Amino acid sequence: MDAFAQQLVNGLTLGSLYALIAVGYTVVYGIVQLINFAHGEIFMIGAFGALSTWLIFFDGNLALWVLPLMILGAVIASVTTAVLMERIAYRPLRHAPRLAPLITAIGISIFLQEAVRLFYDEVPFFDFPDAKQRVPFPQIEVVTGPAFQLGNVTIQRSALFTIGCLVMCSAGLWYFVNRTRTGKGMQAVSQDPDTARLMGINVDRIIVVAFAVGATLAAVAGVAQGLQVTNINFRMGFLAGLKAFTAAVLGGIGNVWGAVVGGLTLGLVEAMAVQFIPGTFGGSPWKDVWAFALLIIVLVFRPQGILGAKVVDRA
Amino acid sequence: MSRRTLPDSVRTTHGSKAPWLALAGGILFLVSGMLSWSYDDRILGDLSIRFYPAGIQLYAMLFGVIGVILAVLLLRRPAWLSPARGLRILGTTGIVFVVWVIASIAYQSGGLINANEGGWVALVGAVLLTAGGHLSPEVDIDVRRWPRLSSTLEIVIIVVLMAILLFTVAYTLDIEDGVIFAAFLIALIGLAGGLLGTGFGDYLGFIGANNRRPLLLAAFLVAFLFPFTQDGSDANMSIATQVLIFAATALGLNIVVGLAGLLDLGYIAFLGTGAYVAAMLSSSGFATVGWKPPFVVVMLIGAATAATFGLIIGSPTLRVSGDYLAIVTLGFGEIFRLAMFNLDGNNGPDLTNGPNGIPAIPDLELLGFDFGEVHTVAGIPLGRFSNYYFILLLLLMFVMLVFTRLNNSRIGRGWVAIREDERAAEAMGVNVFGLKLLAFSVGAFLAGLAGTIKAHQDTSVSPDQYVFLESAFLLAAVVLGGMGTVVGVLVGATILKLLPEKLREVNDYRLLVFGLLLVVMMRFRPEGLVPSKRRQLEFHGEDEELSELLQAEHLQTEHLKPEQLEPEPLQGAK
C-alpha cells in the first residue's frame with residue numbers, strides 16, 4: 001500500500017509536468033491542426049531562460065522571492081521564441097501540404113537544441129556556463145530542501161511545487177479560455193476559423209496567442225523540471241516533448257482539459273509500471289517503452305482520446 | 001517559371017549594354033586568377049603568388065572562361081539559346097564562390113586585411129556577370145525544336161558526359177581541404193549551371209528521356225568503375241559505402257513518404273532491426289543466437305523481421321490521421337532504441353548485449369568471396385570497403401528497381417492518389433488501408449535488407465547508432481532531394497553524408513546548419529532540389545505555366561506511346 005501511495009505521488013508529479021507541456025501541443029493543434037514538434041524545445045528554452053535570469057540578476061541568491069522573477073524570465077524567453085517561430089517559420093506555410101510544417105518543426109527543434117548547446121556560453125556580456133553538459137539549476141529555498149514524510153511516503157518539496165503549478169495554471173487557463181474575449185475568440189477559431197474570421201476575429205492574432213499560451217505553461221514546466229531534477233541540459237526537451245505529445249493524444253488532442261487528464265494519466269501509468277509490472281520487463285529501464293506502448297494502444301481502441309477531441313480532422 | 005526580376009523597361013533601355021557588362025565580368029574573373037588572393041601563403045593551397053594560379057584561382061579562371069563564352073554568345077543574339085539564364089546562374093554562384101573564399105581567407109588568417117586584390121577583382125567580375133544576365137533579354141526556347149541527332153550520337157554524348165562525371169567525382173573527393181572542397185563544389189554548380197542553364201540542360205534532359213536505358217546503364221557503369229579510380233585507397237571508399245547505405249535506406253523511406261505520403265519518423269528502427277538480426281545470427285563471439293545460417297537466409301530473415309515490425313506498428317496507426325502516424329512511428333523508434341538498450345539479460349532476455357551492442361561481427365563471405373580481403377583486379381587493388389561498395393551498389397540497384405517498378409504500377413498510382421486526397425481515393429475504390437500497409441511494410445523490408453549488410457560493414461551494432469536524429473537525417477535526404485524521385489534522393493543522400501565528412505572544420509555546426517536547412521527548404525523550395533514535376537505543382541498550385549507544361553508532357557508520354565494506343569478498327573485503312 002505504501003508503495004502504491006508513493007508511486008501515486010511520483011506519478012502525479014511526473015504527470016503534472018507532462019500536462020503543463022501537453023497543453024501547448026493541444027492548444028496549437030486545436031487551432032491550426034499543426035503538431036508543433038518544437039514545443040519540447042520551448043520547454044527547454046524556458047528552463048534556460050529561468051537560469052539566465054537568475055545568473056544575471058540574482059546569482060547566489062536562493063530566497064523564495066526570486067522564484068516568481070525567474071518564472072517571469074522563463075516565460076519571456078519561451079514566449080519570445082514561440083512567437084518568433086510562428087511568425088518566421090510556420091505562418092508562411094499555413095496553406096502548404098501538411099508534411100511541410102511538420103518537417104519545418106523538426107528543423108526548428110534541432111536548430112534550437114544546437115543553438116543552446118553551441119552558443120549558450122558565448123552570450124556576450126554575461127558569464128553563462130557551458131551548456132554542452134548538464135548545467136546545475138539554482139535550488140530555491142522553501143520549494144526545494146528536505147522532503148516531507150507522510151507515514152512511509154516521501155513527498156519532495158519540488159513535487160508539491162510542480163503539482164501546485166499545474167493547479168494554478170489550470171485555473172488561470174480556465175479563466176482565460178472561458179472568461180476573456182481573447183479566450184472566447186480562441187474557442188471560436190478552433191471550431192471554425194473561416195466563420196470566426198467573418199465574425200471579425202483576427203485569426204492571425206489568435207494563433208499567436210495560442211502559441212504564447214502554450215509557451216507560458218511550458219516555461220513554468222521548465223522551471224519545475226529544473227527544481228526537481230536539479231540540473232538542466234539542451235536535450236531535455238526532446239523526450240519531455242514526446243511524452244507530452246503522447247499525453248495530449250491520450251487525453252484527446254485539441255481538448256485543453258484532455259491534455260491535463262492525459263498528462264496525469266500518463267504520469268501515473270509510468271510510475272505504476274515501474275513498481276507493479278513483474279519480471280524483467282518492469283522497472284525504470286522500461287517505463288518509457290510502456291508509455292509509448294500506451295500511446296499505440298490508445299490509438300487502436302480510442303483514437304479520439306480519453307475525453308474525446310473537440311476538433312475533428314479537417315484535412 | 002521565368003522569374004523576371006527587373007521591369008521590362010529597364011531591359012529595353014539597357015539591354016544593349018548587357019553583353020559588354022558580361023564580357024567585362026568574364027575578363028575580370030580571368031584576370032583575377034593571375035592575381036594574388038591572399039597575403040597568407042599557408043592557407044587554401046597558397047593563393048598568394050601572382051601569375052601562378054593554383055586551385056581556387058584556377059576555378060575562378062574557369063568562371064571567366066565560361067563567362068566570356070556566354071557573353072560572346074549573347075552578342076550574337078541566337079534565337080535558339082538563352083545565355084541570359086546561364087549568365088544569371090553563373091554570376092550568382094560566382095558571388096557566392098568569391099564571398100566564401102574571401103570569408104575563409106579572413107577567418108583562417110585572422111582578418112579581412114589578408115584578402116588580396118584577386119578576390120576583390122573577382123567579386124566585381126561576378127557582380128558584372130550577374131548584372132549582364134539580369135539585363136539581357138529573355139529568350140523563350142523550346143529544346144524539342146532543336147535538331148535531332150542520330151541515336152548513336154546521343155548515346156555517345158551520354159557516355160562522354162558520364163565519363164566526365166566519373167572523373168569530376170574522383171577529382172572532387174581527392175580534395176583534402178574542406179574549404180577548397182566547398183569552393184570547388186560551388187564552382188561546379190556555377191559552371192555546370194552556367195553552361196546547362198542556357199538550354200543545353202533541357203536538351204540533355206530531353207536526350208536522357210529518349211535514351212533512358214543507355215543512361216541508366218552508363219550511370220551504373222560509372223558507379224561500378226568508381227572504386228578503380230581510387231588506387232586502392234579506402235578513405236573515400238569508406239565514405240562512399242556510407243553514402244550508398246544511406247541512399248538505399250532513404251530510397252526505401254521515399255516509398256513511404258514520397259509515394260504514399262506517410263510520414264515515418266522512426267524509419268531508422270527498421271534499418272536497426274535488420275542490422276541487429278544480422279548481428280545476432282552472425283558468427284561473432286558476442287552473437288546471442290546459436291544458429292548461424294548462410295548470409296542470404298540472414299538477409300531474408302532480417303528484412304522479414306523488419307517488415308513484420310512495420311505491419312505491427314502500421315496496422316493500428318494507419319487507420320488514423322497522418323499526424324498520429326508521424327508521432328507513433330517516432331515513439332516506435334524510441335521503443336526500438338530503448339529495447340535494444342535494455343535487452344541485456346538483466347532487463348528481459350539477453351538478445352542485444354544492451355548498451356555495448358554486438359561487436360566483432362566478421363566480414364561477409366559470399367560464394368567463396370571474402371569481403372575483408374584486398375582483391376586485385378587489372379592491377380588495381382580493391383580494399384575491404386570497395387568490396388562492400390559493390391554489394392551495396394547491387395542493393396541500391398535492387399531498391400531502385402523496386403521503387404520505379406512500384407511507382408509505375410497500379411499500386412504506385414494508388415499511393416499517389418492516397419497522398420493527394422485520401423477520401424477521394426477511397427471513393428474511387430482504392431484500397432486505402434491495404435495500400436498504406438503495403439507501402440509501410442515494403443519500406444520496412446528494404447530498410448531491413450540494407451541493415452543486414454550494414455551490420456557486417458560496420459562490424460558492430462549498438463543502440464546509439466539508431467537514434468531519432470538518424471531518422472531525421474533520412475527524412476531530410478528525401479525532402480532535400482525531392483520527394484518521390486529517385487535521382488533527388490540520391491542527390492540528397494550524397495549531400496547529407498558527404499559534406500559533413502569533408503567539412504570537418506565546421507563539423508560542430510553541422511546539426512545547426514542542418515536544422516536551419518530544413519526550415520529554409522520548406523519555406524523556399526519545399527519540393528526539393530530535384531523535384532518530380534507533379535510534386536512541384538502540388539506546392540506551387542497557382543503556377544499556371546507549370547501546370548500547362550505538365551499537362552502537355554503528360555499527354556505526350558501517356559498517349560503517344562504506340563503500344564498504349566487503342567486499336568481503332570474503324571480507321572484501319574489509314
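1. How many helices and strands make up the secondary structure of chain A? In this predicted model, chain A has eleven helices and four strands. Its radius of gyration is 19 Å, close to the 20 Å from the globule rule for 315 residues, so chain A is as compact as a globular protein of that length.

2. The C-alpha trace spans about 55 × 55 × 35 Å along its principal axes, and 51% of the 315 residues count as buried. Take the contacts in chain A between residues at least 6 apart in sequence: 76% of them join residues at least 24 apart.

3. Now to where the two chains meet. Chain A gives 39 residues to the contact and chain B gives 37 residues. On the chain B side, the elements that supply two or more residues are helix 11 (295-317), helix 12 (322-342), helix 17 (468-481), helix 19 (510-524) and helix 20 (533-539). Helix 12 of chain B brings the largest share of that side, with 13 residues. By type, the chain B residues that touch chain A are 24 nonpolar, eight polar and five charged.

4. Lastly, a word on confidence. The model scores ipTM 0.86 and pTM 0.81. Chain B has an average pLDDT of 80, and 89% of its residues score at least 70. Do look out for residues 558-574 of chain B, where the pLDDT is below 50. Beyond near neighbours in sequence, that stretch has zero contacts in the model. Where pLDDT is low, predicted coordinates should not be read in detail.

Definitions and conventions. Residues are numbered from 1 along each chain as its sequence is written. Chains are lettered from A and ligands numbered from 1 in the order in which they are written. This is a predicted model: local features need pLDDT of at least 70, side-chain atom pairs count only at pLDDT 80 or more; totals for chains, interfaces and linings use all residues. The radius of gyration is taken over C-alpha atoms; the globule rule is 2.2 Å times the number of residues to the power 0.38. A residue is buried if 20 or more other C-beta atoms lie within 10 Å of its own, exposed if 12 or fewer, and partly exposed in between; C-beta atoms are placed from the backbone. Two residues are in contact if their C-beta atoms, placed from the backbone, lie within 7 Å. Ala, Val, Leu, Ile, Met, Phe, Trp, Tyr, Cys and Pro count as nonpolar, Asp, Glu, Lys and Arg as charged, and the others, Gly among them, as polar. pLDDT is the predictor's confidence in each residue, from 0 to 100.
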